[in-house]
Amino acid sequence: MKLGFVTACLPGWSLAQLAEWAPAHGYRALEVAAWPRQGNRQFTATHLDVDALRPDEIMRLVSDRRIEISSVAF
């Protein structure tokens, strides 16, 4: 079993910051928030922008930091 968390709890952080911080604190997976960027709604985060998705960059980002994306949250 791998311990992870949903990234929506840190909306001001970038995916790169989360991918760096998480494994340094014992996490091995991220449930990446992917809500649309629509104004200033509460309790939403966009760490994965599906409109500008670059899978190769994202996979390199997480694999270089030895963390996995367990799911995408919307």
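I began with the contacts of T46: leaving aside neighbours within four places in sequence, T46 is in contact with A33, W35, P36 and R37. I note that this is a predicted model.

I looked up where T46 sits, and found T46 in the loop between β2 (29-33) and α2 (55-64). Is T46 buried or exposed? The relative accessible area of T46 is 18%, and the cut-off for buried is under 20%, so T46 counts as buried.

One of its polar atoms lies 2.5 Å from the backbone oxygen of W35.

Next I turned to R37. R37 also belongs to the loop between β2 and α2. With a relative accessible area of 61%, R37 is exposed. Not counting residues up to four places away in sequence, R37 touches T46 and D49. I looked up the spacing of R37 and D49: their C-alpha atoms are separated by 8.2 Å, and the two residues are 12 apart along the chain.

I moved on to the sheet. How many strands does the open sheet have? I found three, in the order β1-β2-β3, with parallel pairing. β1 (4-6) and β3 (68-73) each have a single partner strand and stand at the edges, so one side of each is left without a neighbour in the sheet. From one strand to the next, the twist averages 20 degrees.

I looked at β1 and β2 in detail. The two strands run parallel and are joined by three bridges. V6 stands opposite E31 in β2.

Last, I looked up helix α1 (residues 15-24). Helix α1 lies across β1 and β2, and runs at about 160 degrees to β2.

Notes
Residues numbered from 1 in each chain as written. Predicted model: local features only at pLDDT ≥ 70, side-chain atom pairs only at ≥ 80, totals over all residues. Heavy atoms only, no water. Helix = DSSP H or I, 4+ residues; strand = E, 2+ residues; numbered from the N terminus. Buried < 20%, exposed > 50% of the residue type's maximum accessible area, 1.4 Å probe, protein only. Polar contact = N/O pair within 3.5 Å; in protein donor to acceptor, adjacent residues only side chain to side chain. Contact = heavy atoms within 4.5 Å. Pairing = 2+ DSSP bridges. Axes fitted to C-alpha atoms, helices over the stretch in contact; angles between N-to-C directions.
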